Amino acid sequence: MILRSVVGKLWITIIILVSLVLVFLSLFLNQQVEKTYVQDQRTSLIRLADEIQTALNQTGPDYSDYLHQVRKISEMFHTYMIVLDRNGSILSSDGKPVVSQVPWKEVLGQKEFETVLRGEKVYKRERVRLSEANDYLPFLKNDILLVAVPYLQAGKIQGAILLYQTHDQISDHLKQWIFYSALIGIVLTTVFAFFLSTRITQPLIQMKKAAEKMARGHFSIRVPVRFHERDEIADLAMTFNRMAGQLEDSIHQLSQEKEQLSSILRSMSDGVITVNKYGKVILTNPPADRFLELCKRNRSQDEHQDGNLLPPPLKDFFQMVVEENQEHTRDITEQGRTWAVVMAPLYSGDQVRGAVAVMRDVTEERRLDKMRKDFVANVSHELRTPLAMLQGYSEALMDDIAETPEERREIAQVINEESQRMSRLVRELLDLARMEAGHITVEPSRISLPEFIHRVIRKFLALAREQQIHLSEDLAGDLPEVYWDEDKIEQVLTNLIDNALRHTPSGGSVRVRVYQEEDQMYLEVEDTGSGIPEEDLPFIFERFYKADKARTRGQSGGTGLGLSIVKHLVHAHGGEASVKSELGKGTVFIIQLPIRVDGEKK
């Protein structure tokens, strides 16, 4: 964990650097102490040896006291002396040879001893090992400094004077102090390095915590700055705070723009869908959500598809836009509604990163366009046929083609019927125009439903018998009295029954059913006719709309305005008109009306 933090790394780095410096410095100091101390020891021993040599040469035969005193004094300064005669025997303080048990030749070799007897000085520093100790070689240790000079008496060399010191008595002490000093330096460095690294990295730790909070969305966080310590870290903290402020402003502006964009998208009546290059939906508005939900409900239950992916109607369209890298427009139909979709690619540099689709529900526009076309076609057809017949029969009269009064009467009858048909068409068009403009006056009165239904059906019994169609009624028991506009509801039933008789073949049946559910009355006109195709059901109450595309005259001929008039009259009573049909099996028109309707102008 220490190596993963800046404090630990900085702390360990300082300790290692300082420790290496102190180690190398200690080694250097030890070397210098060793060198300086050995040099001083050598100089001191040589001078002491020269003084002893001179004093012995001047003392004469009586030198025992001198040697004794010198030996005592030198031992006080950790310097030891051995006097050898020419045979290599150690002389005592009184000058007599002593049988030596010490192999001094391990300290001073035979060749070096002979060199001293020739009058030369010998300086030596080495590590020796003595097999045993002796009073003449007290405190002798392995590492020694030794000086050997000739022993003179009356100007003649009588032997050798050996002076030696143990080398490590002072140097070891100094080395210990150097080691202790280095150790204390490392300890102090550790403490101060930790304090320094902590002080240096504390602002960095604060910036790290601030960055973590910013990563969690707290963009208002700031790092405290010590203005009385204007160093690089303080400048870094100030720069961090400026960056945080600019980032907060940028995020705030982005949030405002996002909210503005979201408000614009929510307020749009057109649907907007944004997808990435993989066809995954990333942005929608409420109209687009409704379209996607409609597509989702329309999918098969066995289809397992990611809800964020484009529905099949848009998926192929998206692939085409991406592949061709250009904008396209298309109409998409789902569950009887039509959307005009404009899809254009989105770019990231030169690469296509997705697409945006804008869709508008044009069901009403397409319906009105279809109505306009149908209106022109139907009016042209409805007017052309009677006009052509009027023109033809009138020309026949003018050209005296009809020779007998019966033929002229027959031609006049046809002209009269076609004139009435044109008059009825114009009247229904005027009525429908007035209804669509909202000029419908409802004058409710009390109606007994059984009597009312009997009266309406009686008008069609003769026509039903002529066409060999069974016309019947099915009235529920205990029907209440209702308050409707009798003339207008009679017109509704008349149009529905007439329409049912015209589309029911001989041998079929038409039934009028009346029943109550809660506070609503239901009038149903059911036939066993040809039925209505499913794609025509949403438009069946539109003016001039005919499921019979051939527009043939005869039994199924009509103006195409009756059902549109039915819808407006029912809506004026606060009710609803609907239809259920199955091709080849028949049709049921359902009129739902409240029991009581207030008189008002709709």
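**View 1. Glu490 and its salt bridge to Lys459.** Glu490 counts as buried, at 15% relative accessibility (buried, under 20% relative accessible area; exposed, over 50%; partly exposed, in between; 1.4 Å probe, protein chains only). Glu490 forms a salt bridge with Lys459, with 3.0 Å between the closest N and O atoms (a side-chain nitrogen of Lys or Arg within 4 Å of a carboxyl oxygen of Asp or Glu). This pair links distant parts of the chain, 31 residues apart: Glu490 in helix 11 (residues 486-502) and Lys459 in helix 10 (residues 449-466). Helices (H or I, at least four residues) and strands (E, at least two) are DSSP runs numbered from the N terminus. Lys459 is partly exposed, at 45%. The model is predicted: local features need pLDDT of at least 70, side-chain atom pairs count only at pLDDT 80 or more, and totals for chains, interfaces and linings use all residues. Residues are numbered from 1 along each chain as its sequence is written, and side-chain values use heavy atoms, leaving out hydrogens and water.

**View 2. The salt bridge between Asp331 and Arg366.** The closest N and O atoms of Asp331 and Arg366 are 2.9 Å apart. Asp331 belongs to strand 9 (residues 328-334) and Arg366 to helix 8 (residues 363-398), so the pair ties together parts 35 residues apart in sequence. Asp331 is partly exposed, at 39%, as is Arg366, at 37%.

**View 3. The salt bridge between Glu406 and Arg409.** These side chains meet at 4.0 Å, N to O. Both residues lie in helix 9 (residues 405-436), 3 residues apart, about one turn of the helix. Arg409 is exposed, with a relative accessible area of 52%.
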